[in-house]
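Take a look at the structure below. We will walk through it step by step, from one chain's overall build to a few local details.

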Amino acid sequence: MRLSLTINGRSRDVDVEPHRTLLEVLRDTLGIFDVKEGCNEGVCGACTVLLDGRPVSSCLVLAPTAGSRAITTVRGLEGGGELHPLQQAFLRHGAVQCGFCTPGMLLTALAFLERHPGADRETLRHAIEGNLCRCTGYAKILDALEYYARG
Amino acid sequence: MADAVALERGLRLVGQRVIRHDARDKVMAATAYAGDWAMPGMLHGVVVRSPYPSARIRSLDTAPAAAMPGVAIVITARDVPHNTLWTDVPGQTTEVGPLRARLHVLAEDRVRHQGEPIALIAAETLEQARDAAEAVDVDYEPLPGVFDAAAALEPGAPAVHDAGNLLAHWTVKRGDVAAGFARAEVIVEGEYRTQLVDSAYLEPESGVAWIDSDGVITIRLSTQVIEHFRDVAEVLNVPQNRVRVIGAYLGGGFGGKEDVTVEVYLGLLTWKTGRPVKMVWTRQESLLARAKRHPYRLRYRTGALRTGEIVAQEIEILGDSGGYAYLSALVLLYSTVTAAGPYRVSAASVDARVAYTNNPPTSAMRGFGGMQTVFGYESQMDRLARALGLSPLEVRRVNAIRRGDALPVGQVIETYVALPELIDRAWAGLGEPTRPRAPHLRIGRGVACNLQPYGRIVWLHDWSSAWVGFEMDGSLVVRCGCPDVGGGQASSLCQIAAEVLGVALERVSVHIADSALTPLAGTTTASRQLYMSGNAVLKASRELRDQLLAAAARLLDTGADAVAMVDGAVHATDGRSLPLVELLRACARMGVPRSHLGVYHAPAGEPVDLEKGSGKVFPDYTFGCHAAEVEVDTQTGVVRVLKLVAAHDVGRAINPQSVEGQIQGGAVMGLGYALMEEVVVQDGINLTTSFASYLIPTASDVPDVEPLVVESGEGLGPFGARGIGEPPIAPPAAAIANAIEDATGVRITQLPITPERVARALGLIADPQ
């Protein structure tokens with residue numbers, strides 16, 4: 001089927017089979033590799049994208065259902081070549097090690113912080129529990145989120 | 001610190017919390033991981049795996065699969081030029097002899113664990129490859145299996161390999177153990193069990209292979225060891241210089257990407273088809289079939305005097321290697337060497353064996369055999385403290401190893417050991433005790449110390465090399481074959497080069513992990529890259545600096561000791577300066593090289609006779625102490641870790657932020673090991689092949705680990721650094737078990753410490769036996 005996807009504000013037309021997941025279409029059809037595949041069963045959060053500003057596991061979303069909605073990947077966070085302040089906070093606080101969870105982590109956290117500006121550390125801890133990280137032990141990710149939340 | 005070396009003064013970049021170049025790429029998702037690669041006309045490869053843990057392959061018919069749409073090739077063992085990879089492990093008991101086959105590339109007539117590779121398929125699409133995998137017709141005859149290491153060593157046990165199930169056996173004897181126990185005023189005994197766990201990196205095994213325009217088989221993958229290009233060549237029976245491995249920045253490794261993963265399969269598929277091939281294992285496949293951490297049974301008998309001084313240790317270790325040897329013999333050697341912990345002991349014996357079973361294979365994982373033993377020796381230390389009425393801290397202080405003391409294998413510790421400070425600081429780091437929120441919630445505290453080798457075994461004659469050179473515009477290039485697993489390996493090399501050569505970090509580019517184009521640096525394992533490649537870069541940078549400064553001194557007509565490289569220029573002591581770019585142009589005119597290849601050789605030695613305790617096994621060790629505060633729910637058995645303070649003497653923190661990240665991340669992985677992680681296997685069948693059933697810690701499962709970085713300057717790495725990749729994973733399990741006993745009076749001796757095990761120990765539920 002013909003599908004028109006809006007990814008980071010740009011429209012992309014694709015021919016897909018209706019059973020394809022959004023993750024498959026983004027990575028395999030469109031070559032958008034800033035979305036990562038960690039488990040393909042909705043547990044690890046590495047494939048998180050925003051659909052109309054809400055985080056979803058793109059491995060669990062059928063691509064056709066995303067057709068009329070705004071899709072944001074981590075590449076959509078930069079503005080005019082500048083890193084988003086949350087990306088800068090990740091750098092400043094050493095929140096990145098292998099980086100495989102980072103795109104999904106950034107998107108989940110950003111969507112949450114937009115709805116809960118100024119959230120405290122314990123609230124943020126629960127907000128990211130659906131995004132697994134095997135490297136950092138989460139402390140430096142929370143440092144970055146807390147720093148950003150405090151403006 | 002009394003006898004610690006004074007830290008070098010005047011360092012500009014080393015010791016700074018610099019932002020890693022790879023982190024910048026990663027927050028923008030610009031990093032191309034192995035699975036983010038694609039080639040024109042690429043096929044998709046899959047592995048056909050055995051559903052049985054122990055079976056004979058009566059027949060294997062690939063014709064139906066080969067006839068499926070889109071299928072380019074089906075490969076079985078008989079198509080593999082050289083189907084067996086071997087390894088040689090010197091030094092173990094003669095009763096076992098040299099190690100046999102490490103790995104079959106594809107199973108021949110027999111499968112020895114569930115998920116063992118049987119065949120390879122490449123097809124135009126991934127779906128076609130998967131459909132064809134279903135169509136491979138294998139006639140299996142299930143065979144009796146053995147699923148427990150102790151049972152595997154019983155007479156009459158089903159033989160996993162023809163030569164028997166005992167894979168490796170190390171023994172150590174030091175002093176008169178019987179006399180030690182006779183002298184002991186108290187003896188404590190314990191048996192401990194550790195479980196099978198998975199590396200569970202977020203990025204599954206993945207790669208793409210192609211035959212490059214020069215005919216070289218090129219494989220770009222997620223690996224800790226680019227030197228496996230030699231294994232690929234051996235399997236394909238082609239010259240080693242016809243295979244090139246490019247190591248992408250990894251999405252985590254933790255030892256699980258130390259053995260070969262997809263590279264041999266990709267090499268076969270691309271060599272046989274002549275086309276590019278991509279292979280990405282699914283999460284389920286990774287959890288099913290990848291080598292994991294050995295489950296251990298540990299038996300300890302410890303004798304001490306009333307003062308707490310340990311006078312005898314008797315230790316027995318039994319590990320489960322699963323269906324193949326992989327690195328089990330070496331993992332067991334690490335356990336043997338570390339078995340008595342970071343403590344002085346005049347008489348000790350260690351008897352360590354590892355057996356083949358039909359369970360999932362086990363091999364390298366962060367800590368590499370130095371981890372399981374911590375649960376044993378640190379549980380013993382608390383038992384000893386209780387039996388003697390001493391504080392757990394005091395028993396450890398009394399016995400803490402010091403410079404000049406020997407481990408049971410006879411290795412003398414030649415560097416400063418900061419254990420007393422580490423113990424005090426970790427304990428103090430817990431701060432005020434938390435007050436229980438309710439009467440049934442008990443609070444307790446515990447500590448655990450450890451030692452972990454960094455660098456490879458001295459008789460492996462480890463070395464690393466790196467090339468450092470200036471471009472004509474004054475920008476700097478570092479080339480080093482070191483894979484970056486996410487710990488900041490590449491970034492630290494940049495920091496070291498920039499420090500020595502007086503340039504800004506932003507002026508450095510680093511090219512890593514290409515077996516054809518970067519000087520070989522060895523494996524990113526064994527907490528060795530900062531130590532080994534850091535020293536290689538340091539050496540190259542210093543040589544380069546010296547040759548450039550000699551040229552500058554000639555140009556300025558002054559002495560080489562009167563010039564220095566600072567901020568992109570050469571400055572003379574008399575105030576004159578020469579911009580770096582001018583110096584480089586002058587060097588070009590004068591024929592002075594603007595680059596240097598540095599090679600670092602680790603301290604080498606001969607294989608030790610462990611029984612005679614003859615000497616050095618590892619270059620050096622990293623010491624640590626963790627302190628934990630837990631809350632135990634005495635109604636449900638649920639344990640929450642409220643605080644975890646992790647102190648390590650890292651020698652020198654090149655980038656303190658990266659060091660803290662290693663400590664925090666390692667400790668949380670250790671906390672997962674303590675409380676929740678377990679690959680559940682029933683009669684050889686893996687029941688946890690999903691992240692929904694194999695549980696790793698989430699953000700809300702763990703406290704913020706407080707890292708305490710102690711810098712003695714005593715390490716063998718650049719600027720006195722020690723390895724810190726592995727050490728922090730090991731202490732949490734014992735620290736938590738000790739804290740649980742402090743809270744409740746019950747001792748847990750089996751990992752993971754699930755609510756069920758705690759409830760059983762508390763008598764809340766009856767034991768089924």
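Chain A holds five helices and five strands. This is a predicted model, so read every value as computed from that prediction. Follow chain A from its N terminus, and the elements come in the order β-β-α-β-β-β-α-α-α-α.

How does chain A fill space? Along the principal axes, its C-alpha atoms occupy a box of roughly 45 × 30 × 25 Å. Now try the radius of gyration. A compact globule with 151 residues would have a value near 15 Å, and chain A has 15 Å, so the two agree.

Chain A has a domain 1, covering 2-75, and a domain 2, covering 85-149. The centres of these two domains of chain A lie 21 Å apart, taken over C-alpha atoms. Where they meet, domain 1 of chain A supplies 16 residues and domain 2 of chain A supplies eleven. On the domain 1 side, two elements of chain A give two or more residues: β3 (48-51) and β4 (54-57). Which of them gives the most? It is β3(A), with three residues. Sorted by class, this side of domain 1 of chain A has eight nonpolar, five polar and three charged residues.

The loop between β3 and β4 of chain A contains A:D52. Look at its backbone. A:D52 is not a glycine, yet its phi is positive, at about 50°. Most residues other than glycine have a negative phi.

Helix α2 (residues 85-92) of chain A and helix α5 (residues 139-149) of chain A have axes that come within 8 Å and cross at roughly 135°. That angle makes α2(A) oblique to α5(A). The crossing of the pair α2(A) and α5(A) is right-handed. Which residues make the contact? From α2(A) come A:P85, A:L86, A:A89 and A:F90, and from α5(A) come A:A144, A:Y147 and A:Y148. The class count for this contact of α2(A) with α5(A) is seven nonpolar, no polar and no charged.

Chain A also touches chain B. How many residues does each chain bring to the contact? Chain A brings 40 residues and chain B brings 41. On the chain A side, the elements giving two or more residues are α2, α3 (102-115), α4 (121-127) and α5. By class, the side of chain A that touches chain B has 21 nonpolar, eleven polar and eight charged residues.

Cross over to chain B for another helix pair. The axes of helix α10 (residues 372-388) and helix α11 (residues 392-399) of chain B come within 8 Å, crossing at roughly 110°. Therefore α10(B) and α11(B) are roughly perpendicular to each other. Their crossing, α10(B) past α11(B), is right-handed. In α10(B), the residues B:M381, B:D382, B:L384, B:A385 and B:L388 meet B:P392, B:V395 and B:R396 in α11(B). This contact of α10(B) with α11(B) has six nonpolar, no polar and two charged residues.

The loop between α17 (732-744) and α18 (755-761) of chain B holds B:P752. Is the peptide bond from B:L751 to B:P752 cis or trans? It is cis, with omega near -5°. Most peptide bonds are trans.

Conventions. Residues numbered from 1 in each chain as written. Chains lettered and ligands numbered in written order. Predicted model: local features only at pLDDT ≥ 70, side-chain atom pairs only at ≥ 80, totals over all residues. Domains from an automatic or database assignment. Contact = placed C-beta atoms within 7 Å. Helix = DSSP H or I, 4+ residues; strand = E, 2+ residues; numbered from the N terminus. Nonpolar A, V, L, I, M, F, W, Y, C, P; charged D, E, K, R; others polar. Axes fitted to C-alpha atoms, helices over the stretch in contact; angles between N-to-C directions. Parallel < 35°, antiparallel > 145°, perpendicular 65-115°, else oblique. Left-handed = near helix turned anticlockwise from the far one by under 90°. Rg over C-alpha atoms; globule rule 2.2 N^0.38 Å.
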